[in-house]
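Subject: Structure handover

Hello,

Here is the structure I said I would pass on. My notes on it follow below the files.

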Amino acid sequence: MDPLTDIIALLRPRTLLLGNLAATGEWGIRSPYQTDPTFYLVTEGECWFEPDYAEAVRVCAGDYLLAAQPSSVCFVSHPGAKLVLSDTEFKQRNTVNNELRVGTLAEGPTTRILGGLILCDPANADLLFGLLPRFTHIRAAEEVGERLGSLMRIIVDETNAARPARDMVLSRLIEVMLIETLRRDGARRALQPQGLLGGLADPKLARALAHIHADVGRAWTVAELARSAGMSRSRFARRFTDIVGAAPVEYLLAWRMALAKDALLHSHKPLSQIAADVGYQSASAFSTAFSGKVGCAPTQYQAQNLG
């Protein structure tokens, strides 16, 4: 398995479009605080994007933004522009044809921005935060920027239509959007790798990660994974921990528990089968490992999350 595809599929991502913004003249808005990753596409004009945690960046038509961490962000006509719409006013603001308007059309060129949320299955939503950089800006001129723009237009069209299997189509489109973003960011940061993307950017570690994901039920040892990577045991363990952020066996356990949580919520398999699928010889051994990692027994976790 490709670990990146594996994880994105497990997240079961879907989207909720926040709508469109049209702004003219001197303006500034602060978005409501969002706990889920937010994405934006500038469809017309230009402005400045001001996240709370980074310097302002100028964005132009076709540019794509992904704010991965819980935050509130600002869009302004120019640095220092006064906010004309605060986050608390968003809910009270009227829209025209699902477009939030700020300023007066006679005040000059219009900037338009499309925004949306990425909603993931709550069982493993934290995996996405571990994958994504805090902030990603992809310019329209980049090859991946053109593809993301096309994807966004299809997402909008699919959201507004009442076609059969719409939810499934939207889920697949969001999966592709995330993979495009992560592939691009992983390549960009290959010289300074970190996290899973860093591990996948390292050819030797990528082989070991692929082995784990291809056979998660196997009782992998550090020595076996080191051989698959073509490295000594000690060098492999040190390198894996430094780059991926967890020891090989810890990563294997975390991935097993992620799969187990998904199976508990989305399958009708008995506990013994789930245990066997993720590498445990008995339901009791699995329950002990699950409780130690998640903080409650599998049956309790299932009851709490399925209501």
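E180 counts as buried, because its relative accessibility is 8% and the cut-off for buried is under 20%. Keep in mind that this is a predicted model. The side chain of E180 meets that of R183 in a salt bridge, with an N to O distance of 3.2 Å. R183 has a relative accessible area of 49%, so R183 is partly exposed. Both residues belong to helix α4 (residues 166–188), where they sit 3 residues apart, about one turn of the helix.

The structure holds 13 salt bridges.

E44 and R112 form a salt bridge through their side chains, at 3.0 Å from N to O. E44 is in strand β3 (residues 38–44) and R112 in strand β10 (residues 111–119), so this bridge ties together parts that are 68 residues apart in sequence. E44 is partly exposed because its relative accessible area is 34%. R112 also counts as partly exposed, at 24% relative accessibility.

R139 and D63 make another salt bridge, and their closest N and O atoms are 4.0 Å apart. R139 lies in the loop between β11 (135–138) and α3 (143–160), while D63 lies in the loop between β5 (57–60) and β6 (64–67), so the pair ties together parts that are 76 residues apart in sequence. Which of these residues is buried, and which is partly exposed? D63 counts as buried, at 3% relative accessibility, whereas R139 is partly exposed, with a relative accessible area of 43%.

On helix packing, I have two pairs to report.

Helix α6 (residues 203–214) packs with helix α7 (residues 222–229) at an angle of about 130 degrees, and their axes are 8 Å apart. That angle makes α6 oblique to α7. The crossing of these helices is right-handed. On the α6 side the contact is made by K204, R207, A208, H211 and I212, and on the α7 side by L225, S228 and A229. By class, the residues of this contact divide into 4 nonpolar, 2 polar and 2 charged.

The other pair is helix α1 (residues 3–11) with helix α9 (residues 248–266), which pack at an angle of about 35 degrees with their axes 10 Å apart. The crossing of α1 and α9 is left-handed. From α1, the residues D6, I7 and L10 meet Y251, W255, A258, L259 and D262 of α9. The contact of α1 with α9 has 6 nonpolar residues, no polar ones and 2 charged.

Finally, the overall figures. The protein has 12 helices and 11 strands. Its C-alpha atoms fill a box of roughly 70 × 45 × 30 Å, taken along the principal axes. The protein has 307 residues, of which 46% count as buried. Among contacts between residues at least 6 apart in sequence, 72% join residues at least 24 apart.

Regards

Conventions
Residues are numbered from 1 along each chain as its sequence is written. This is a predicted model: local features need pLDDT of at least 70, side-chain atom pairs count only at pLDDT 80 or more; totals for chains, interfaces and linings use all residues. Side-chain values use heavy atoms; hydrogens and water are left out. Axes are lines fitted to C-alpha atoms, for helices over the stretch in contact, and angles run from 0 to 180 degrees between N-to-C directions. Helices (H or I, at least four residues) and strands (E, at least two) are DSSP runs, numbered from the N terminus. Angles under 35 degrees count as roughly parallel, over 145 as roughly antiparallel, 65 to 115 as roughly perpendicular and the rest as oblique. A crossing is left-handed if the near helix is turned anticlockwise from the far one by less than a right angle, and right-handed if clockwise. Contact means heavy atoms within 4.5 Å. Ala, Val, Leu, Ile, Met, Phe, Trp, Tyr, Cys and Pro count as nonpolar, Asp, Glu, Lys and Arg as charged, and the others, Gly among them, as polar. Buried means under 20% relative accessible area, exposed over 50%, partly exposed in between (1.4 Å probe, protein chains only).
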